[in-house]
Amino acid sequence: MQIKVPASSANLGPGFDSIGVAISLYLTIDVLEETDHWVVDHDLGDLPRDEKNMIVASALKIKPDLAPRHLRVESDIPLAHGLGSSSSAIVGGIELADKLGGMHLAPHEKIELASQLEGHPDNVAPTILGSLVVVCKVNGHFTAVKAPVPPFAMIAYIPAYNLKTSDARAVLPKELSFKDAVQASAVANTAVAALFAQDYEKAGELMEADLFHERYRSKLVPELEIIRNVGHSHGAVATYLSGAGPTVMSLVDPQHISDFIDAVREAGLKDEIRRLEVAPRGAYWL
Ligand SMILES: Nc1ncnc2c1ncn2[C@@H]1O[C@H](COP(=O)(O)OP(=O)(O)O)[C@@H](O)[C@H]1O
Ligand SMILES: N[C@@H](CCOP(=O)(O)O)C(=O)O
């Protein structure tokens, strides 16, 4: 048995903590034989190989009596790079608990559990549902709505350095004034309306007008402004900080991909560039 869990790219500009898109990088968990203690084989550096591994720890938080297994984990999601690796690990754990523990969780229950573990729903909701998702918590319950999939390539510029989500959240202000919060919400609301109307010219402009987080984080990720400027003259509809960064994501018209990538290189940015797509399907079993 195998679980495939997509990565995710959160925020899309002003959708801080409330919009995310599943993308075509995968965490793969092979569920092998029952054992007397949890064993996680992987090639992901220092991550734990026992029940402290985030996948297993997440499963045990929601199903403490789950029988131990041997797992083999592979992942092409870079860790601590703003592509939701922790959310994918948590969702993988929930899938384990759900199937092996016979829990029969509905998707909205998985979103609630995963959001409690992750602390925000914008990565876990698309990782569970697939595609582009807008999500919020009201009266203790999460409501998630799928949006149309934008018809663009997702071009990820993945800087070599790590940026832990907790560190990138630490630079955010504790409070926004009422006036600033109203303006930031107005931008976000109109961006969401444009995404649902599939008016990508307006959506792109508003995705680059975030007032919640990017202005505080851009000093941690100087590549954001450089790539955004390149995108304006080389076929990007929008460029935003993917999750907490440092990955910078650009939505690029398929016919301009080579031109865009060449221009990013000419701007002196030498780290990895991946051509990704929206993953239409959330976590699933094979
Ligand atoms: N496949 C995995 N197995 C176990 N733990 C993981 C896995 N992927 C990510 N993690 C955990 O999540 C952390 C990264 O989370 P975070 O800083 O939120 O960055 P990201 O943007 O990648 O989610 C890693 O340092 C590790 O502790
Ligand atoms: N809304 C969160 C999203 C964090 O995503 P990650 O992929 O960096 O974990 C934030 O911006 O802090």
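Helix α1 passes helix α2 in a right-handed crossing, and this pair is a friendly place to start in what is a predicted model. Helix α1 covers residues 54-62 and helix α2 covers residues 85-100; their axes come within 7 Å and cross at roughly 50°. That angle makes α1 oblique to α2. If you'd like to follow the contact residue by residue, look on the α1 side for Met54, Ile55, Val56, Ala57, Ser58, Ala59 and Ile62. Their partners in α2 are Ser86, Ala89, Ile90, Gly92, Gly93, Ile94, Leu96 and Ala97. Between them, the residues of this contact divide into 11 nonpolar and four polar, with no charged residue.

Now step back to the whole protein. It is divided into domain 1, made of residues 2-147 together with 280-285, and domain 2, residues 153-275. Their C-alpha centres lie 24 Å apart. Where the two domains meet, domain 1 gives 18 residues to the contact and domain 2 gives 30. On the domain 1 side, the touching residues are 10 nonpolar and eight polar, with no charged ones.

That brings us to ligand 2. Both domain 1 and domain 2 give residues to the shell around ligand 2, so the ligand lies between them. The shell holds 17 residues, of which Ala10, Gly82, Thr165, Gly243 and Ala244 are the closest. Helix α5, residues 165-170, supplies the largest share of the shell, with three residues. By residue type, the shell around ligand 2 is made up of five nonpolar, nine polar and three charged residues.

Methods:
Residues numbered from 1 in each chain as written. Chains lettered and ligands numbered in written order. Predicted model: local features only at pLDDT ≥ 70, side-chain atom pairs only at ≥ 80, totals over all residues. Near = placed C-beta within 6 Å. Helix = DSSP H or I, 4+ residues; strand = E, 2+ residues; numbered from the N terminus. Nonpolar A, V, L, I, M, F, W, Y, C, P; charged D, E, K, R; others polar. Domains from an automatic or database assignment. Axes fitted to C-alpha atoms, helices over the stretch in contact; angles between N-to-C directions. Parallel < 35°, antiparallel > 145°, perpendicular 65-115°, else oblique. Left-handed = near helix turned anticlockwise from the far one by under 90°. Contact = placed C-beta atoms within 7 Å.
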